[in-house]
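Please open the model in your viewer and keep the selection tool at hand. The stops below say what to select next and what is to be found there.

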Amino acid sequence: MEKSPAEDPSKAGRTHEQTAQDNVPKSGERPDQGVAPTNDHYNPEGQLKKEEEHIPAPEVARAKYLFPVLAQPVETLTGLKLEERMKVAAGVTAVIKSMQFSWSEGGMNRGTRGLLKMNQKDGFDCSSCAWPDPDDHRSVAEFCENGAKATASDADDKSCGPEFFAKHSLADLSRMTDRDQNNAGRLTHPLIKRPGGTHYEPVEWMEAFQIIGRELNALSSPDEAAFYTSGKVPNEPAFLFQLFVREFGTNNLPDCSNMCHESSGSALSPTLGLGKGSVTLNDIHEAEVILVIGQNPGTNHPRMLTALQKAKRNGAKIISVNPLIEAGLNHFKNPQDFMNPVRALGALMGDGTQITDVYLQVRVDGDMALLRGIMKHLFEAEDRNPGQVVDRAFVNEFTTGFESFEQNIRNTSWEDIEEISGVSRAELLEAANLIANKQKIITCWAMGVTQQRKGVETIQEIINLQLMKGAIGKPGAGTCPVRGHSNVQGDRTMGIWEKPHKNFLDALEKEFGFSPPREQGLDTVESIKAMVLGKIKVYFSLGGNLLAAGPDTELIAEGMRKQKLTVFVGTKLNRGHLVTGETSLLLPCFTHLDIDMQKSGHQMTSCENSMGVVSQNKGVLVPLDGQMLSEVAIISGMALATIGHRTKVDWVAMTQNYDNIRDHIARVIPGFENFNEKLRRPGGFYLPNGPRERKFTTENGKANFTTTTLEKPLLEPDQLVLMTVRSHDQFNTTIYEYNDRYRGIHGERRVLFMNKQDMAARSIKAKDLIDITSHYEGEQRTVEKFVAVPYDIPKGNVCAYFPEANPLVPISSVAKVSNTPTSKYVVVTVVPAAVSNGASEKAMAREAVEA
């Protein structure tokens, strides 16, 4: 057998001698994905929610008077300009915006080089969304507008070093907008805020590692620390991070998955046997019908529009389900068409490709009822055409639970379906008619579903629909949860999870010779509660911005302030770095773009996309001057300082050559056999996927239908339901600008989209200042100084951007089973702004101080 590059230095960093075509599945074929089942460490038995004592709602509106360092985005309005929402996504404007942002951030040379190598087989993986790259041909510009913005931000040629932090206290920095914090430049030196300090100041790496080791070892139990992970972290450092945490002695590994697609894993694992989607990019192209539910690809996964366009050109019908009419689901002008002489004129002059055939403007949290309506129509069609609508052969051979599921759907009344979904029976029939005689069906979904109260059961209804049609495990059909971050799926595959399987822990023990902890750890919501209650004393963040990404912003801030030590590993300044524990470390690391040189040479890492393809990630830009380290080096330095001579792991060898990390991964995680060899194939390799082959690794070996329960929302007459979303000039919590041009918003983020009838009922006019209060279990949280914007949104629903609206999301309002915060279901009331002059603000300030 060929030696791995770790054993043969001459092969380190080289591309495997293999043509791209060797790894490309042909149309209608399944990809070569090996025979081992993917171990995604999903343990349905570990989903019991921990009981915690009640935590009162924090002060939200008055917090700005109580604490010198602001946890919430500043309330200063930046100047709203309203335009009509756009009906077409991308086009020339997207190209211009991409170039402008790239050159303004990284300069023309760095910016252009970064774009040309992004998502290429010999380049680096986009640090933005996890949409897959084509298996075969890739265009010169294999990126979208938001990917270009993320890459330009990473390629920033401005330094945010010790001089910057000497000039600005943490309190001063917290009064900058989130955009200006990000635009301050790349973090270049390790920094420390010492006890009682007001500024970050320089610290040597060795001292930083010693502080981490000292504080961790001083804990009475390893479970008094929490180790948070962002989806931006590649596979190799993710594997090392969980390895260190478990050798240290805890499973407290909360991560961003807990707040996004945890509901997907909770639904998919017990029904199909794998907590991931089952389709490939080629399946999207071949589908006859595609449902896009609770997702806005035009902003959050723009390259998905190219795949939907190709599907449309191949004859597919698309059904979109969303409370908002989104430009990307309406029409799409593909920038790639401008380079095609046949299509260039049409792309320039026309409206582009119509994406959606049937648009169902569902009420927030009404998707389960909507899906039941579609399936009720399908059963009625089956009654009229026996054997023509339901795939009885598939149901009988591969599934269980069909009879109970069928009865549940048939017993659901049309009155309940229409009332809860807000969509008429006739509209649902139009969608059902597109599906009825088709078999190649794909359903895509994102956080518009996963962050609902019943997100898990809603996804199980999606699976029910796929199963009754036999639309899984064949070309052009299957499930497609679309991940919102570059390697969030890969991090979970690497073991970043608080509820690991026994077989994964057994493999770690066998490989490294220590006994990993077996007790279930804390997820993100549980970790926040534990921090507030004083049960967590050290918080370590490998990337990300929990303060801005999580629910109940002021409660997270309260937990951070109670920490003995907070540690933040990052590339750019964000608000989460400013609300700290008694001691705080801010440690700079490389981005995906940076050339990572270690003792054995230029290193590469890897990422897993939404469709289970693992590909290489190799930096192309020389890092800025400074003292940045790779994530691998930071984790290893921390491990050596904490565990020291007790460690069973050769941290030095793995830092010197990342091939050594991959050799360990190959022996621990099924599907990664010969990892180093397969990673060097152009385009990477597919991980095993049982449902893709109709191999359902559930407990009973079958695909399981689910009988769900439908609930009506219980609201007071003046209450509305809020959902939070991103703007177009935003990626997760990173704010690039104050605009959202597809929705007609320019120069402002503190806006609330409202139905015109709801505004009239409250005597609110366009651009009026308003206050928003959330209501949960008798407690209230209020944010002030938002601007009312009339919008096409279902009556009774409102919408705002996160992180501005996150203080309204109660920590205990979570989806059943997955424990995901319900950012897509927050009960609120809206009133004209109470504070209208300086005298009132001074009175509130005095009241806060006295309290």
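Begin with the aromatic side chains, where a search of the whole structure finds 24 aromatic pairs, a pair being two rings of Phe, Tyr or Trp (its six-membered ring) whose centres lie within 6.5 Å, with planes under 30 degrees apart counted as stacked, over 60 as edge-to-face and the rest as tilted. Select F239 and F512, which form a tilted pair with 6.2 Å from centre to centre and 45° between the planes. F239 lies in helix α8 and F512 in helix α22, so the pair ties together parts that are 273 residues apart in sequence; helices here are DSSP runs of H or I with at least four residues, strands are runs of E with at least two, and both are numbered from the N terminus. F239 is buried, and F512 is buried as well, where buried means under 20% relative accessible area, exposed over 50%, and partly exposed in between, with a 1.4 Å probe and protein chains only.

Next select F675 and F685, whose ring centres are 5.9 Å apart and whose planes stand at 75°, so this pair is edge-to-face. F675 belongs to helix α29 (residues 675–679) and F685 to strand β23 (residues 685–686), so the pair ties together parts that are 10 residues apart in sequence. Both F675 and F685 are buried. To see aromatic rings grouped together, select F227, F241, F244, F248 and F540, which form one aromatic cluster.

Before going further, note that this is a predicted model, in which local features need pLDDT of at least 70 and side-chain atom pairs count only at pLDDT 80 or more, while totals for chains, interfaces and linings use all residues. Residues are numbered from 1 along each chain as its sequence is written, and side-chain values use heavy atoms, with hydrogens and water left out.

Now turn to the charged side chains, where a search of the whole structure finds 47 salt bridges, each a side-chain nitrogen of Lys or Arg within 4 Å of a carboxyl oxygen of Asp or Glu. Select R492 and D255, which form a salt bridge with the closest N and O atoms 3.3 Å apart. R492 sits in helix α21 (residues 488–493) and D255 in the loop between α8 (235–248) and α9 (262–272), so this pair ties together parts that are 237 residues apart in sequence. R492 is buried, with a relative accessible area of 10%, and D255 is buried too, with a relative accessible area of 1%.

Move on to R518 and D506, a salt bridge in which the closest N and O atoms are 2.9 Å apart. Here R518 lies in the loop between α22 (502–512) and α23 (524–532), whereas D506 is in helix α22, so the pair ties together parts that are 12 residues apart in sequence. R518 is partly exposed, with a relative accessible area of 43%, and D506 also counts as partly exposed, at 28% relative accessibility.

Then select K816 and E711, whose side chains meet in a salt bridge at 3.1 Å, N to O. K816 is in the loop between β32 (797–801) and β33 (826–832) and E711 in the loop between β24 (703–704) and β25, so the pair ties together parts that are 105 residues apart in sequence. K816 is partly exposed at 47% relative accessibility, and E711 is partly exposed with a relative accessible area of 33%. Also select E236, D659, R662 and R680, which are joined into one network by salt bridges that share partners.

For the next stop, select helix α3 (residues 145–154), which is mostly covered, with 10 of its 10 residues buried. Among these buried residues are E145, K149 and D154.
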